[in-house]
Amino acid sequence: MKEVLTALISAVTSVLVVLVTYGLNSYRETKFKEKQEADRIISTYLNPLRFYLVENYFRLSEILKGIVNDSGKHEALLYITDVKEISEQSAEWFNSYGCYLISSCYMTGRLFYF
């Protein structure tokens with residue numbers, strides 16, 4: 001009788017250990033997959049969005065600071081009254097003075113893309 005009771009306790013203990021181990025492994029696997037998905041979302045969407053937000057904030061604040069210089073006059077680089085003026089600029093303007101303005105517009109467009 002004592003041997004049967006010992007065998008029964010051993011069997012029940014083994015079954016409980018297997019069930020608890022399976023449950024813990026399933027829980028850990030689920031948490032790992034959730035973490036992987038969160039990391040994927042952060043690297044795919046949030047990190048580029050943070051980059052474009054910071055870059056746009058810096059660029060737009062620089063443009064706003066530079067619109068009016070110390071003498072109160074508008075800088076030629078940032079003073080564009082009509083969109084047609086941009087298409088009429090020479091290639092040299094885009095490679096020198098207009099580069100900052102045009103790349104800022106591009107970065108703003110990328111921000112709204114996300």
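Tutor: Terms, then. Buried means under 20% relative accessible area, exposed means over 50%, and partly exposed is in between. Keep in mind that this is a predicted model.

Student: OK. Where does L16 fall, and what is its relative accessible area?

Tutor: L16 has a relative accessible area of 49%. That lies between 20% and 50%, so L16 counts as partly exposed.

Student: Which helix is L16 in?

Tutor: Helix α1.

Student: What surface patch includes L16?

Tutor: A nonpolar one, formed by L5, L8, I9, V12, V15, L16 and L19. Together these residues have about 660 Å² of accessible area.

Student: What share of the residues is buried?

Tutor: 12% of the 114 residues.

Student: Switching to the fold. How many helices and strands are there?

Tutor: 4 helices and 0 strands. Along the sequence the pattern reads α-α-α-α.

Student: What about contacts between residues 24 or more positions apart?

Tutor: Take the contacts with a separation of 6 or more. Residues 24 or more positions apart account for 50% of them.

Student: Now R59. Where is it placed?

Tutor: In helix α1, which covers residues 2-67.

Student: Is R59 buried or exposed?

Tutor: R59 is buried, because its relative accessible area is 13% and the cut-off is under 20%.

Student: What does the R59 side chain make a polar contact with?

Tutor: The side chain of S103, at 2.6 Å.

Student: Which residues is R59 in contact with, leaving aside neighbours within four places in sequence?

Tutor: Y100, S103, S104 and M107.

Student: Last topic, aromatics. How many aromatic pairs does the structure hold?

Tutor: 1. F51 and Y52 form it, with 5.2 Å centre to centre and 65 degrees between the planes.

Student: Why is it called edge-to-face?

Tutor: Because planes over 60 degrees apart count as edge-to-face, and these are at 65 degrees.

Student: How accessible are F51 and Y52?

Tutor: F51 is partly exposed, with a relative accessible area of 45%. Y52 is buried, at 12%.

Note on methods: Residues are numbered from 1 along each chain as its sequence is written. This is a predicted model: local features need pLDDT of at least 70, side-chain atom pairs count only at pLDDT 80 or more; totals for chains, interfaces and linings use all residues. Side-chain values use heavy atoms; hydrogens and water are left out. Rings of Phe, Tyr and Trp (its six-membered ring) pair if their centres lie within 6.5 Å; planes under 30 degrees apart count as stacked, over 60 as edge-to-face and the rest as tilted. Buried means under 20% relative accessible area, exposed over 50%, partly exposed in between (1.4 Å probe, protein chains only). Helices (H or I, at least four residues) and strands (E, at least two) are DSSP runs, numbered from the N terminus. A polar contact is a pair of N or O atoms within 3.5 Å; within protein, one must be able to donate a hydrogen and the other to accept it, and residues adjacent in sequence count only if both atoms are side-chain atoms. Contact means heavy atoms within 4.5 Å. Patches are made of residues with over 30% relative accessible area and no salt bridge: like charges are joined within 9 Å, nonpolar side chains (Val, Leu, Ile, Met, Phe, Trp, Tyr) within 5 Å. Accessible areas come from the Shrake-Rupley method with a 1.4 Å probe; for residues, only the protein chains shown count as cover. A salt bridge is a side-chain nitrogen of Lys or Arg within 4 Å of a carboxyl oxygen of Asp or Glu.
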